Amino acid sequence: MVLGFNPFKGDNLHMTKHVITNLSEIVNDPLQIPGHLEPDLADLLRGLLCKDAKNRLSLEAVANHPWVVRWNGPVR
């Protein structure tokens, strides 16, 4: 939602359907985070979309992440 596009979207509707049905591409292709993002947001997205569930951010970690708490403090 922050970037206005799906991180696993293809270049067109046909490719999007292909990517979604070919889970190996989602699992194996590296996540592309645009270089223009501020570092805290890029870090949050990497943590949310981490392919290894053991290393993915927990709900508590997301609620306390610097990008999330910047304006209004931690999510309760």
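Helices (H or I, at least four residues) and strands (E, at least two) are DSSP runs, numbered from the N terminus. This is a predicted model, in which local features need pLDDT of at least 70, side-chain atom pairs count only at pLDDT 80 or more, and totals for chains, interfaces and linings use all residues. Residues are numbered from 1 along each chain as its sequence is written, and side-chain values use heavy atoms, with hydrogens and water left out.

**Exercise 1. State which elements the chain holds and in what order they run.**

Step 1. The chain has 5 helices and 0 strands.
Step 2. Read from the N terminus on, the order is α-α-α-α-α.

**Exercise 2. Decide whether H65 is buried or exposed, and list its contacts beyond four places in sequence.**

Step 1. H65 lies in the loop between α4 and α5.
Step 2. Its relative accessibility is 5%, so H65 counts as buried.
Step 3. Leaving aside neighbours within four places in sequence, H65 touches D40, D43, L44 and L57.
Step 4. The side chains of H65 and D43 are joined by a polar contact of 2.7 Å. Such a contact is a pair of N or O atoms within 3.5 Å; within protein, one must be able to donate a hydrogen and the other to accept it, and residues adjacent in sequence count only if both atoms are side-chain atoms.

**Exercise 3. Describe the aromatic pair of W67 and W71.**

Step 1. Rings of Phe, Tyr and Trp (its six-membered ring) pair if their centres lie within 6.5 Å; planes under 30 degrees apart count as stacked, over 60 as edge-to-face and the rest as tilted.
Step 2. The structure holds 1 aromatic pair. W67 and W71 form this pair, at 5.9 Å centre to centre with 90 degrees between the planes, which is edge-to-face.
Step 3. W71 counts as exposed because its relative accessibility is 57%.

Notes:
Buried < 20%, exposed > 50% of the residue type's maximum accessible area, 1.4 Å probe, protein only. Contact = heavy atoms within 4.5 Å.
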